[in-house]
There are 2 protein chains.
Amino acid sequence: MAPCLRVAFAAGQFGGWRIERISAVRGDSLAHAPRLALLEGEETLSPPGAAWVLRGVTSNTRYTNRAELNALSAVQAGLHRPSATCAALIPIRKTQAWWDLAQDERRAIFEEQSHHIRIGQDYLPAVARRLHHCRELGEAFDFLTWFEYAPDAAAAFEDMVARLRDTPEWRYVEREVDIRLRRD
Amino acid sequence: MAPCLRVAFAAGQFGGWRIERISAVRGDSLAHAPRLALLEGEETLSPPGAAWVLRGVTSNTRYTNRAELNALSAVQAGLHRPSATCAALIPIRKTQAWWDLAQDERRAIFEEQSHHIRIGQDYLPAVARRLHHCRELGEAFDFLTWFEYAPDAAAAFEDMVARLRDTPEWRYVEREVDIRLRRD
């Protein structure tokens with residue numbers, strides 16, 4: 001994987017993605033805006049006049065073991081596929097109780113109890129995904145996950161999101177917003 | 001543990017710590033300066049005119065399991081003990097090869113092969129320690145570790161640092177600077 005890539009999601013009048021809806025799953029929502037720009041690297045320093053900007057950075061894996069990483073790498077797809085005209089941005093903040101757990105406790109809840117990696121794998125390569133960390137940046141959320149998929153994978157995507165929200169891991173989610181987008 | 005605390009180490013003419021020496025252990029050193037200020041939270045936004053500033057943030061544990069965390073918590077000491085007039089700031093950057101490893105591979109090198117946690121524990125409570133993460137901040141280093149100890153623990157501290165540098169984990173360190181300080 002490449003070194004940390006800075007990313008900014010800027011909602012406003014500009015950007016390649018049209019925002020279809022913004023739903024508060026848990027906690028406060030975000031203001032509605034017509035479009036979203038996905039900015040990377042130097043572009044993030046001066047986002048266009050925005051309703052809101054969420055910043056994050058790609059980083060190393062935190063729970064995935066070697067066997068899981070190899071299995072994912074064999075099937076996962078990258079971003080920017082021409083067919084993937086649907087996207088979702090799901091910012092999440094976890095509770096302090098989650099962050100106070102030890103590494104083995106977080107791993108057990110994440111995978112052995114909640115099957116987070118295994119559930120995601122059921123939807124590869126149809127759903128492409130990039131995780132951005134933002135807890136250390138002092139942002140309002142801990143993670144920003146960006147998903148891209150084709151319209152014919154939309155039902156599968158809903159299924160995946162519903163399965164994840166029904167896991168023990170999600171008891172530690174204290175804020176979640178679900179933003180759906182289309183490229184036009 | 002408290003939520004992420006932003007910290008800045010500012011070297012220059014000001015600050016509560018006198019810099020005794022700065023050594024390059026691997027890779028480039030940092031410029032010498034007479035004093036170091038340890039700034040926290042809002043203070044980090046406007047460090048005094050500085051020769052250099054290293055920024056980091058405290059965060060959750062990444063490798064420590066529950067049994068290890070309990071063992072550490074039972075004996076470790078906090079910062080700011082009046083007797084702890086010696087300090088060390090050791091900024092480290094690891095190789096891309098390290099960050100490309102899966103979580104189980106990094107854990108195995110970190111503890112099962114290198115005994116990083118166990119070595120540190122041998123010097124508790126004499127050596128107090130706070131780890132700051134900075135890879136996600138786009139800084140030149142990945143970690144800034146701050147240690148405080150009394151003068152009569154100085155030989156033990158040297159011993160600890162030497163043992164850690166002799167581990168398999170340290171093969172993944174590509175830059176390391178060792179800064180020693182006294183409070184006066």
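Modeller: A residue is called buried when its relative accessible area is under 20%, exposed when that value is over 50%, and partly exposed in between. With that cut-off in hand we can read this structure, which is a predicted model.

Biologist: Is Ser114(A) buried or exposed?

Modeller: Ser114(A) has a relative accessibility of 2%, and because buried means under 20%, Ser114(A) counts as buried. Its place in the chain is the loop between H3 and H4 of chain A.

Biologist: How should I read Trp146(A), and in which element does Trp146(A) lie?

Modeller: Trp146(A) lies in strand E7 of chain A, and at 0% relative accessibility Trp146(A) counts as buried. The side chain of Trp146(A) makes a polar contact of 2.9 Å with the side chain of Glu148(A). To place Trp146(A) against a residue elsewhere in the chain, take Pro82(A), which is 64 residues away along the chain, with 16 Å separating the two C-alpha atoms.

Biologist: Which residues of the largest nonpolar core touch the most other members?

Modeller: A nonpolar core joins buried residues of the nonpolar kinds through side-chain atoms within 4.5 Å. In the largest one, which has 26 residues, those touching the most other members are Ile90(A), Trp98(A), Val127(A), Phe147(A), Tyr149(A), Phe157(A) and Met160(A). Strands E5 (86-94) and E7 (143-149), together with helices H2, H3, H4 (116-121) and H5 (154-165) of chain A, each supply at least two residues of this core. Trp98(A), leaving aside neighbours within four places in sequence, is in contact with Tyr63(A), Arg106(A), Ile109(A), Phe110(A), Glu169(A) and Tyr172(A). There is also a second, separate core of 25 residues, which includes Tyr63(B), Cys86(B), Phe110(B) and Ile117(B).

Biologist: Turning to the two chains, how much area do chain A and chain B bury between them?

Modeller: The size of an interface is often given as the accessible area lost when the parts come together. Here chain A and chain B bury about 2,300 Å² between them, with 44% of it on carbon and sulfur atoms. Of the area that chain A buries against chain B, 25% is supplied by Asn60(A), Arg66(A) and Glu136(A), more than by any other three residues. The contact takes 28 residues from chain A and 28 residues from chain B.

Biologist: How many salt bridges and polar pairs are there between chain A and chain B?

Modeller: The count of salt bridges between chain A and chain B is four, and one of them joins the side chains of Arg62(B) and Glu136(A), with an N to O distance of 2.9 Å. Polar contact links 20 residue pairs between chain A and chain B, both residues being at pLDDT 80 or more. On the side of chain A that touches chain B, helices H1 (66-75), H2 (96-100) and H3 (103-113) each supply at least two residues, and H3(A) gives the most, with four residues. By class, that side of chain A has 11 nonpolar, eight polar and nine charged residues.

Biologist: Where in the backbone are the peptide bonds that are cis, and which histidines of chain B have a positive phi?

Modeller: Most residues other than glycine have a negative phi, and most peptide bonds are trans. In chain A, the peptide bond from Leu124(A) to Pro125(A) is cis, with omega near 0 degrees, and Pro125(A) is found in the loop between H4 and strand E6 (128-133). In chain B, the bond from Leu124(B) to Pro125(B) is likewise cis, with omega near 0 degrees, and Pro125(B) lies in the loop between helix H4 (116-121) and strand E6 (128-133). As for phi, His80(B) has a positive value near 70 degrees, lies in the loop between helix H1 (66-75) and strand E5 (86-94) of chain B, and is exposed at a relative accessible area of 54%. His115(B) has a positive phi near 55 degrees, sits in the loop between helix H3 (103-113) and H4 of chain B, and counts as partly exposed at 27% relative accessibility.

Terms used: Residues are numbered from 1 along each chain as its sequence is written. Chains are lettered from A and ligands numbered from 1 in the order in which they are written. Side-chain values use heavy atoms; hydrogens and water are left out. Contact means heavy atoms within 4.5 Å. Buried area is the accessible area (1.4 Å probe) that two parts lose on being put together, summed over both. A polar contact is a pair of N or O atoms within 3.5 Å; within protein, one must be able to donate a hydrogen and the other to accept it, and residues adjacent in sequence count only if both atoms are side-chain atoms. Ala, Val, Leu, Ile, Met, Phe, Trp, Tyr, Cys and Pro count as nonpolar, Asp, Glu, Lys and Arg as charged, and the others, Gly among them, as polar. Buried means under 20% relative accessible area, exposed over 50%, partly exposed in between (1.4 Å probe, protein chains only).
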